[in-house]
Amino acid sequence: MSFVIVLTLVLDQLTKKIASALHGTFYLVPGFLKFVKATNRGIALGLFSSLSEQVLWIILLVVVALSLFPYIFKFNRLERIAMGFILGGALGNLLDRIRFGYVLDFLNLVFLPTIFNLADVFIIVGGGLMILGAFRGVSDEKLESGKKGRRLETRSVSEREDSIVDIQVDDTEGDKGRKGEGQRPD
């Protein structure tokens, strides 16, 4: 998760540095994504811009709370990546707000009435991945329990112990092939 946080923060700060040097309005992707530079004193997507001082404290509290989540909840790999995106994006915007008093936004989808930056994109993608991870959580738990069963089987055989693991092999094609290679039938 730390690598994702650092990567997200570096990409966010790098794109904001480049955007601060550019002027004017132009298409980055014709007909879809425009470069439009604006300052944002609110939270993500320009919401609550009249609460600039309170927004700083709200974001700081959210970042601190999210940083504690990995110590409280158990996350799978996808959820850890998602947390890295969310924390990296939140830290990028928090860093700008502390340094400049505002966040530099510079991206505009032509079909949305808002301007945002790469940190906002990472936060939204991270949120989407967290939802996806929550739905996948059950299947990951099944996979983990399957791995534990396989380890028990291997350990029991190597230590010549009886195990209570019920193993069912369904490889009839493989059995036919072995019989022809000099294997002893049961």
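This report describes the surroundings of one threonine and the aromatic pairs of a predicted model.

Thr8 is part of helix α1, which spans residues 2–21, and because its relative accessibility is 1%, Thr8 counts as buried. Its side chain reaches back to the backbone oxygen of Val4 at a distance of 2.7 Å. When neighbours within four places in sequence are set aside, the contacts of Thr8 are Gly84, Phe85, Gly88, Gly89 and Phe122.

| Pair | Centre to centre | Angle between planes | Class |
|---|---|---|---|
| Phe35 and Phe106 | 6.2 Å | 40° | tilted |
| Phe85 and Phe122 | 5.3 Å | 20° | stacked |

Phe35 belongs to strand β2 (residues 33–40) and Phe106 to strand β3 (residues 103–109), so this pair ties together parts that are 71 residues apart in sequence. Phe35 is buried, with a relative accessible area of 2%, and Phe106, at 6% relative accessibility, also counts as buried. Together with Phe26, Phe35 and Phe106 form one aromatic cluster.

The rings of Phe85 and Phe122 form a stacked pair; since Phe85 lies in helix α3 (residues 77–100) and Phe122 in helix α4 (residues 118–158), the pair ties together parts that are 37 residues apart in sequence. Both Phe85 and Phe122 are buried, and both are among the contacts of Thr8 listed above.

A further ring, that of Tyr27, has the charged end of Lys34 sitting over it, at 5.9 Å from the ring centre.

Conventions
Residues are numbered from 1 along each chain as its sequence is written. This is a predicted model: local features need pLDDT of at least 70, side-chain atom pairs count only at pLDDT 80 or more; totals for chains, interfaces and linings use all residues. Side-chain values use heavy atoms; hydrogens and water are left out. Helices (H or I, at least four residues) and strands (E, at least two) are DSSP runs, numbered from the N terminus. Buried means under 20% relative accessible area, exposed over 50%, partly exposed in between (1.4 Å probe, protein chains only). A polar contact is a pair of N or O atoms within 3.5 Å; within protein, one must be able to donate a hydrogen and the other to accept it, and residues adjacent in sequence count only if both atoms are side-chain atoms. Contact means heavy atoms within 4.5 Å. Rings of Phe, Tyr and Trp (its six-membered ring) pair if their centres lie within 6.5 Å; planes under 30 degrees apart count as stacked, over 60 as edge-to-face and the rest as tilted. A charge sits over a ring if NZ of Lys or CZ of Arg is within 6 Å of the ring centre and within 35 degrees of the ring normal.
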